[in-house]
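Please look at the sequence and the model below before reading on.

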Amino acid sequence: MTPDQARQVIEEALAQIAPDVDIGGITPDTDLRDDLGLDSLDFLRFVEILSGRTGTQIAEDDYPHLATLASAVKWLAGG
Amino acid sequence: MPALGADMDEGTVLEWLVKPGDEVHKGDVIAVIDTAKSAIDVESFYTGTVEQLLIGVGQTVPVGTVLAMIAEPAAQPAAQPPPAGPVEHKEPERPPRPAAPPKRKLKRVPAGEGHPTATISPLIRKRAHELGVDLAKLRGTGHEGTVTRADVERAAAGQQAAALKPPSRAPSRVRATPRARRLAAELGVDMAGLTGTAPDGSVKEADVRRAVPAREAAPAREAAPAREAVQPTAASAARSGAERAQSMRQAIGRLMARSKREIPHYYVGNTVDMTRSLDWLHERNRELEVSERLVPAALLLKAAALAARQVPDLNGYWLDDQFSPADAVHLGLVISLRGGGLLAPAIHDAADLRLAELMSRMRDLVIRARAGRLRGSELTDATITVTNLGDQGVESVFGVIYPPQVALVGFGKVSERPVAVGGLIGVRPVVVTTLAADHRASDAMTGARYLAEVSDLLQRPEEL
């Protein structure tokens, strides 16, 4: 998966979970949980969607990789 | 018009899901009602045949207004003995509704002869039950609209397909965002004819707007026979985002002001070591697919529910100057809505649910609360409520009790703190648990016992 593809999957997942969030306003350093106000259930859905769309196994230990847009893109593209 | 919570005094009919002649069962969703806080799916309190819809789509009426007439079934299937002669004129007993019951809800009228009722045979009914198909939502294709076995099996197949998508949505219902639903009521657009373009297939506001010119171009095709005709007053049903936010704040304000005015709150708090719970959870989640993983909140809720059963003085209602304990634990869960405001629907029988089930109910409830798809019973049945602000980063929350309940449990963020363990300082994950309780119903000793119980339960996560 290329970084652009990863970014697109992440943005689509966020649009689905938090329709009120302005996706364009998310910077690479935006904290996806705290800054976007995702609670633990939202985040679980986020992981679920990412895992489903990318076919990547995402363990709980991998959650820290998904902290920001930049880190998530990097991890998904690398994995 | 049922009272969907202690803070509701009027409601607007957004949609009828039944029409005269339809057979309904107690618990079937028959209408969508807009309240100050949200659109709510309202269930029938009775079993029978819909005789007449009295309040049209778009009309706002006070709590207690009769919405529809339901005739008693001419021949009772099994549960009750069949009435000997003509059906009696008696008002049915209403189920106890502790949360500010309205004076009356749906009323039965005697069934006349020769109604074009779509009757459903007990065999078909049994098959539908086996397959989990809601008969109230089926359109029969048999003689005079009779529901056939094929109808039921087709619906079950459709349901299975739908089950792969987000959980707990009735397949035969049009999925729509609350805004779209309100706009459709305002513009008199029949949702049944719309194709949703939202990512999950829901009808969005734009879909409704698109439908308007199309409908005007083809007025003859507009009338959908299955739906109640839209009243011209429907414009009053619309609540803009700003109005919604305002009415939400007002509803919360009224209820919380009443709580603080009437309920002498007392508060207790405790810090609970979460090491065992989190270790157990982490170990369990390691082997599971994402969709089956638990979050710590599931353990906290289960502990809160079990402890409520152990300490029954906190589980129930303060009514008529006395405490009436509830016989089940229906755990209210405070859910913040993305547009602001909150709802506190109940997870029924939470103490009896396995963790995985509790988790999926919690996820489902959050999704439906935010989509405006809660059921009326979920908003009136809670016997004790939990607010979990851990995800918002606060350490502790002391809540305001939802009258007529007598206790509200608060959970803060699970965070690592230096803790003395066995004479040494260690770093451990802890959570601050709090309880706000009604001093009329219990004393702080009781509250302390409750929080001690929660703490004990969280040290034995494998038993939750």
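Does V24(B) count as buried or exposed? The model is a predicted one, and in it V24(B) has 24 C-beta neighbours inside 10 Å. The cut-off for a buried residue is 20 or more such neighbours, and V24(B) therefore counts as buried.

**The surroundings of V24(B)**

- V24(B) belongs to strand 2 of chain B, which covers residues 23–24.
- In sequence, V24(B) is 20 residues away from S44(B), while in space the two are 7.3 Å apart, C-alpha to C-alpha.

**Chain A as a whole**

- Chain A has 3 helices and 0 strands, and its elements follow the order α-α-α from the N terminus on.
- Chain A consists of 79 residues, of which 27% count as buried.
- Taking the contacts in chain A between residues at least 6 apart in sequence, 61% join residues that are at least 24 apart.

**Helix 2 of chain A**

- Helix 2 of chain A spans residues 40–54, a run of 15 residues. From its first C-alpha to its last it reaches 21 Å, close to the 21 Å expected at 1.5 Å a residue.
- The buried residues in helix 2 of chain A include L41(A), L44(A), F46(A), V47(A) and L50(A), and also the residues D42(A) and R45(A).
- These buried residues of helix 2 pack against helix 1 (3–17) of chain A and also against helix 8 (355–371) of chain B.

**Helix 1 and helix 3 of chain A**

- Two packed helices are described by the angle between their axes and the distance between the axes.
- The axes of helix 1 and helix 3 (residues 69–78) of chain A come within 8 Å and cross at roughly 125 degrees. Because of this angle, helix 1 of chain A is oblique to helix 3 of chain A.
- The crossing of these two helices of chain A is right-handed.
- Helix 1 contributes P3(A), A6(A), R7(A) and I10(A) to the contact, and helix 3 contributes L69(A), A72(A), V73(A), L76(A) and A77(A).
- By class, this contact has 8 nonpolar, no polar and 1 charged residues.

**Where chain B meets chain A**

- In the contact between the chains, 14 residues of chain A meet 16 residues of chain B.
- On the chain B side, helix 6 (275–286) and helix 8 each supply at least two residues.
- The residues on that side of chain B divide into 6 nonpolar, 5 polar and 5 charged.

Notes. Residues are numbered from 1 along each chain as its sequence is written. Chains are lettered from A and ligands numbered from 1 in the order in which they are written. This is a predicted model: local features need pLDDT of at least 70, side-chain atom pairs count only at pLDDT 80 or more; totals for chains, interfaces and linings use all residues. Helices (H or I, at least four residues) and strands (E, at least two) are DSSP runs, numbered from the N terminus. The expected span of a helix is 1.5 Å times one less than its number of residues. A residue is buried if 20 or more other C-beta atoms lie within 10 Å of its own, exposed if 12 or fewer, and partly exposed in between; C-beta atoms are placed from the backbone. Two residues are in contact if their C-beta atoms, placed from the backbone, lie within 7 Å. Ala, Val, Leu, Ile, Met, Phe, Trp, Tyr, Cys and Pro count as nonpolar, Asp, Glu, Lys and Arg as charged, and the others, Gly among them, as polar. Axes are lines fitted to C-alpha atoms, for helices over the stretch in contact, and angles run from 0 to 180 degrees between N-to-C directions. Angles under 35 degrees count as roughly parallel, over 145 as roughly antiparallel, 65 to 115 as roughly perpendicular and the rest as oblique. A crossing is left-handed if the near helix is turned anticlockwise from the far one by less than a right angle, and right-handed if clockwise.
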